[in-house]
Amino acid sequence: MDFAFLSSTMVTLLAALPMTLALFGCSIVLGGLLALLLVWMRTGGNPILSGFAKAYIFVFRGSPLLIQMFLVFYGLGQFGIIRYSFLWPMLREPFVCAVLSLALCTAGYTAEIFRGGIRAVSPKEIEAARSIGMSGFLLVRRILAPIAFRHALPAYSTEIVLMMKSTALASLVTVWEVTGVAQRLISHTYRTMEVFLCAAIIYLVLNFVILQAMGLLEYHLSRHRRAIPQALKA
């Protein structure tokens with residue numbers, strides 16, 4: 001191992017880290033908002049909206065993310081209604097296409113994770129909230145959303161880690177994040193082992209930080225389960 005080359009490679013790859021974090025952050029936020037809309041459509045009781053949400057989830061969970069990214073990047077420009085619209089200056093940018101494809105994909109998975117969290121909420125807790133006058137948005141904010149999110153958090157943390165790793169696919173649509181820069185370095189140096197080792201270390205550290213943060217959040221949200229009754233203390 002050439003440690004001087006490893007250190008210089010690590011510095012070069014870290015320079016591309018902000019692009020990876022931007023892809024990850026934008027896709028998670030946009031995908032999460034879209035997932036909430038899909039969950040509302042699935043659970044709202046409207047058969048048309050529910051059918052659309054089911055079809056959306058089936059398509060984006062059942063097809064490879066790479067194909068979805070290629071369709072967004074290369075396919076949207078084939079439609080004149082998009083190419084000559086006000087959206088085209090944004091949609092022709094590789095970064096926007098990568099974020100859009102990542103967000104659309106994760107929304108399908110996240111919607112099912114959130115729906116599973118909602119189904120895990122006990123009907124008795126909802127009935128108890130309604131018995132004291134809670135309804136509508138207050139019921140969702142105080143009872144349904146916190147409990148559902150707590151149940152969904154372990155599965156959602158896995159989806160977040162998968163999305164961090166999926167940002168590597170953005171290099172295939174000319175977004176120069178960590179993996180894209182690593183591939184360019186390999187094409188110039190032909191030192192695959194060292195370059196991809198540095199890239200793997202970066203992703204491992206990022207995912208370690210994410211998992212620790214999600215673990216702390218889960219610990220904070222579950223503090224009531226660790227409370228010891230005063231009677232037992234005595």
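Predicted model: local features only at pLDDT ≥ 70, side-chain atom pairs only at ≥ 80, totals over all residues.
**Entry 1: the largest pocket**

I began with the volume of the largest pocket and noted about 310 Å³ of space. I then asked which helices supply at least two residues each of the lining. They are helix 2 (17-43), helix 7 (94-119) and helix 9 (136-166). Helix 9 gives the largest share of this lining, with 5 residues.

I listed the lining residues in order: Leu36, Val39, Trp40, Thr43, Phe114, Ile118, Val140, Leu144, Ala145, Ala148 and Phe149. By class, I recorded 10 nonpolar residues and 1 polar residue in the lining of the largest pocket, with no charged residue.

**Entry 2: helix 2 and helix 11**

I turned next to helix 2 and its packing with helix 11, which spans residues 192-221. The two axes come within 12 Å and cross at roughly 45 degrees. Helix 2 is therefore oblique to helix 11. I noted the crossing of this pair as right-handed.

On the helix 2 side, I found Leu17, Thr20, Leu21 and Phe24 in the contact. On the helix 11 side, the contact residues are Ile202, Tyr203, Leu206 and Ile210. I classed the residues of this contact as 7 nonpolar and 1 polar, with no charged residue.

**Entry 3: helix 3 and helix 7**

Helix 7, already noted for the pocket lining, also packs with helix 3, residues 47-62. I asked at what angle the axes of helix 3 and helix 7 cross. The angle is roughly 120 degrees, and the axes come within 8 Å. The crossing of helix 3 and helix 7 is left-handed.

From helix 3, I listed Tyr56, Ile57, Phe60 and Arg61 as meeting helix 7. Their partners in helix 7 are Leu104, Cys105, Ala107, Gly108, Tyr109, Ala111 and Glu112. I recorded 8 nonpolar, 1 polar and 2 charged residues in the contact of helix 3 with helix 7.

Terms used. Residues numbered from 1 in each chain as written. Heavy atoms only, no water. 1 Å grid on protein atoms, 1.4 Å probe; cavity = no way out; pocket = protein on both sides within 12 Å on 5 of 7 lines; lining within 4 Å. Points joined across faces, edges and corners; volume = space filled by probe spheres on them. Helix = DSSP H or I, 4+ residues; strand = E, 2+ residues; numbered from the N terminus. Nonpolar A, V, L, I, M, F, W, Y, C, P; charged D, E, K, R; others polar. Axes fitted to C-alpha atoms, helices over the stretch in contact; angles between N-to-C directions. Parallel < 35°, antiparallel > 145°, perpendicular 65-115°, else oblique. Left-handed = near helix turned anticlockwise from the far one by under 90°. Contact = heavy atoms within 4.5 Å.
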